[in-house]
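Thanks for asking me to look this one over. My notes follow as numbered points, to be read with the structure open beside them.

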Amino acid sequence: MATKVKVGVLGATGAVGQRFLQQLEGHKQFEVHALGASDRSSGKTYKAAARWLLSSPLPPCFSDMIMWPCDVTTKDTPFKECKIVFSALDSSVAGDIELSFASHGVAVFSNAKNHRYEKDVPILVPSVNPDHLNMIKYQQEVRGWDSGFIVTNPNCSTSGLVVALKPIDVCFGIDECVVFTMQAVSGAGYPGVASLDILDNVVPFIDGEEDKLELESRKILGQISSSTTTSLSSMAFTPQPFKISAHTNRVPVIDGHTMCVSLKLKKKATPKEVEDVLRSFSSSSSSSSSSSLPSSPSSPISVVSQRDRPQPRLDREKERGYVVTVGRVRGGSSDPSFCSFDIRLVLLVHNTVLGAAGGAIINAELAFSRGLF
C-alpha cells in the first residue's frame, strides 16, 4: 500500500474544521497528522478542545490527537512533517498564517477569503477550471517559494453556481446572470445567526456575500494565459465577461444553499437543450479531468425532474454532499415577449461539503494527481 500524504488541519475545532475531519477519515491518499487551533486549545486533546457539532460521531482516530498552535515554526510541531494543510481559519487570522505555511514549503488549501482575489492565486473548482492550477508555477516564481503554494476554494454559494453555469456557458454562452440565494445558517459558522433573528424569518443581507458571488464566478469561469503561452511572466487570470447580479439571503435551514438563477444566453436554447447539456457535463473536458479523484461524485451535476426539487432536506446529501443538484429548468418567463431572460433554474449545493471542506479536499486531490507535492 502506498504511503499516505501527511496533512494538517488549521482551525480544526470550528464547524468547517470538523467537516474536514469527517471527510478526511479513512481518506485513500491523505492522513491527518496535525491539528491546529487557537492558543487556548493548544496542548489539549481534540475531544477536550472541540465541541463536536456534526450529527455523525467524532471519528475516534482524532479524539486523542494533541492540538498545536497554527504555526509551522513552533518547535517540535508535527506541522513540519505535513506536505499539505487545509485551512478552516477565520479570515481575521487566516492571511498571515497561510502565507507562513506556504513560504515554509507547505501546500495550503484554504477555505478563507483572504487570498482569493490575488493575481497569482487560483480559486479552484476541479470540475470547472482545473487548468487554473497552472498558475501555481507562476505563484512560486514570483514569491520565491520552492515547493509551497496557496490554492483557495470559492465562497460556499459560488462553488455551486459555477458548476451549474460552466456547461451552459461553454455550449450557449452567458450574457447575463441574476442569482437569488437562500443560504443555510451553517454558512455563518458556529454559533452563527442568533435564533431570534432567523427562526420564523428570512434575513435579506449577508455581509460581503454578493460581492463574492459576482467576483469569484467571473474569475473561476474565466481563462488563464497559459492556454496560449508558456511564458510564466505573462500569466494572468482573465475574468469571464458576463454580467452578474447577486441577491443573498439567510434562511432557517441547517445545511444546503439553494439558488434561483435567471440567465440571458448569447445563443438561444430551449430548456430541454439546457437540461441535456447539464446532464452530459460529466463527459466534458473539464469535468472528466476530475472524475477519477477519490472524493469526486460520479457526475458533478444531478438534474432532477420533479417540479418541486431540489430541496435541502432531500438533496443535499447526494453523493456525500459533493454534487450540485439542478431542477426547475424552464424558460425565462411565462410570456417571453415581456422578459429579457432565456432560462431559469434552481440549484442546490451542500455549503459545508462541496462549498467548503470537501471542495478544498478535492482541490488537494487534483494537485496531488498533477504531482504538485
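1. Are F86 and F109 buried or exposed? Both residues are buried. Please keep in mind throughout that this is a predicted model. For F109 the relative accessibility is 0%, so the residue counts as buried under the 20% cut-off.

2. Now for the aromatic pairs, of which the count comes to 9. One of them joins F86 and F109 in a tilted arrangement, with 6.1 Å centre to centre and 40° between the planes. Since F86 belongs to strand β4 (residues 84-87) and F109 to strand β5, the pair ties together parts that are 23 residues apart in sequence.

3. F109 also pairs with F149, and here the geometry is edge-to-face: the centres are 5.8 Å apart and the planes make an angle of 85°. F109 sits in strand β5 and F149 in strand β6, so this pair ties together parts that are 40 residues apart in sequence. F149 has a relative accessibility of 0% and therefore counts as buried.

4. Strand β5 (residues 107-110) pairs with β6 in the parallel sense, over 4 bridges.

5. Which way do the side chains of β6 point? In this strand (residues 149-152), F149 and V151 point one way, while I150 and T152 point the other way. All four of these residues are buried.

6. Next comes helix α6. At its start, a side-chain oxygen of N155 reaches to within 3.1 Å of the backbone nitrogen of S157. Just after the helix, G173 has a positive phi of about 75°.

7. How many of the 17 residues of α6 are buried? The number is 15, so the helix is largely enclosed by the rest of the structure.

Definitions and conventions:
Residues are numbered from 1 along each chain as its sequence is written. This is a predicted model: local features need pLDDT of at least 70, side-chain atom pairs count only at pLDDT 80 or more; totals for chains, interfaces and linings use all residues. Side-chain values use heavy atoms; hydrogens and water are left out. Buried means under 20% relative accessible area, exposed over 50%, partly exposed in between (1.4 Å probe, protein chains only). Helices (H or I, at least four residues) and strands (E, at least two) are DSSP runs, numbered from the N terminus. Two strands pair if DSSP finds at least two bridges between them. A polar contact is a pair of N or O atoms within 3.5 Å; within protein, one must be able to donate a hydrogen and the other to accept it, and residues adjacent in sequence count only if both atoms are side-chain atoms. Rings of Phe, Tyr and Trp (its six-membered ring) pair if their centres lie within 6.5 Å; planes under 30 degrees apart count as stacked, over 60 as edge-to-face and the rest as tilted.
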